[in-house]
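Here is a short report for a reader who is meeting this structure for the first time. Please look over the sequence and the model before reading on.

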Amino acid sequence: EAALSRLIAAELSAAGLVIDGEAGLLLRSLIGGDRRTSRNELAKLALYCQGRRRVTVDDVRDIIGDSSLLAVEDAVDAAMAGDVPTLQKLLGRLDAAGLAPDMIILAALRHFQLLHQARHRVDAHREMPAAVASGLRPPLHFKRRDTFIAALRHWRADALSRALDRLDRAAFEARANPARARSLAATALIALALEAARGRRS
């Protein structure tokens, strides 16, 4: 992880670029141990961002983003929406792609934190879910917006607090027990999907 961070910083710095924290985390989850392949991916990214100073999440998604990234986002959205069959299918795809399970957990944690913040605005300021979603910064990717708004309508603050606790524990346990990380990630996301399905029915 540290070596990969240094490689990213060195390659982008040589092109006169810096990368946002969130974009850096996403980038590290998408390029792996093969140094030559990673350099090639970073060269493509630098070329795409030529003439600008900062690399953003959207830049990484556009250039490095592959089917694994889309599957991670889709898996988190399926968990958030309570769609267990789709989630199980996507988890199988991510497992086959060899994506680091802690990155899946962290992606879920970030998105549920965003949902929790949005829920607070709905509850505290009586804002409509669609208006809250439109005002988020950084903005939601347009493909995820409708799912986020629907989730905001049926996830309550107490359930979201439990979800964040579950994901925090899963992230900690996955780091402490790498051999169990895949099952921990799958268990955490399926539990969230079941919670979402119950919330939607009620």
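Is the crossing of H7 and H11 left-handed or right-handed? The crossing of H7 and H11 is left-handed, where left-handed says that the near helix is turned anticlockwise from the far one by less than a right angle, and right-handed that it is turned clockwise. The model is a predicted one, in which local features need pLDDT of at least 70 and side-chain atom pairs count only at pLDDT 80 or more, while totals for chains, interfaces and linings use all residues. Residues are numbered from 1 along each chain as its sequence is written, and side-chain values use heavy atoms, with hydrogens and water left out.

Two packed helices are described by the angle between their axes and the distance between the axes. Helices here are DSSP runs of H or I with at least four residues, numbered from the N terminus, and their axes are lines fitted to C-alpha atoms over the stretch in contact, with angles running from 0 to 180 degrees between N-to-C directions.

| Helix packed with H7 | Angle | Axes |
|---|---|---|
| H11 (residues 181-201) | roughly 25° | within 8 Å |
| H9 (residues 142-154) | about 55° | 10 Å apart |
| H10 (residues 157-176) | about 160° | 10 Å apart |

Angles under 35 degrees count as roughly parallel, over 145 as roughly antiparallel, 65 to 115 as roughly perpendicular and the rest as oblique. H7 and H9 are therefore oblique to each other, and their crossing is right-handed, whereas H7 passes H10 in a left-handed crossing.

Contact means heavy atoms within 4.5 Å. On the side of H11, the residues Ala 181, Arg 182, Ala 185, Leu 189 and Leu 192 meet Pro 101, Ile 104, Ile 105, Ala 108 and Phe 112 of H7. By class, this contact of H7 with H11 holds nine nonpolar residues, no polar and one charged, where Ala, Val, Leu, Ile, Met, Phe, Trp, Tyr, Cys and Pro count as nonpolar, Asp, Glu, Lys and Arg as charged, and the others, Gly among them, as polar.

Towards H9, the H7 residues His 111, Leu 114, Leu 115, Ala 118, Arg 119 and Val 122 meet Arg 144, Phe 148, Ala 151, Leu 152 and Arg 153. The contact of H7 with H9 divides into seven nonpolar, one polar and three charged residues.

**The largest pocket**

A pocket is found on a 1 Å grid over the protein atoms alone, as an open set of points where a 1.4 Å probe fits, with protein on both sides within 12 Å along at least five of seven lines, and its lining residues have an atom within 4 Å of a point. The largest pocket has a volume of about 730 Å³, a volume being the space filled by probe spheres set on the points, which are joined across faces, edges and corners. Its lining comprises 29 residues, and Glu 22, Val 57, Arg 61, Arg 110 and Arg 144 lie nearest the centre. H7 gives the most to this lining, with nine residues. The lining of the largest pocket divides into 16 nonpolar, six polar and seven charged residues.

**Ala 81**

Ala 81 is found in helix H5. Apart from its neighbours within four places in sequence, Ala 81 is in contact with Thr 147, Ala 196 and Arg 200.

How values were computed: Helices (H or I, at least four residues) and strands (E, at least two) are DSSP runs, numbered from the N terminus.
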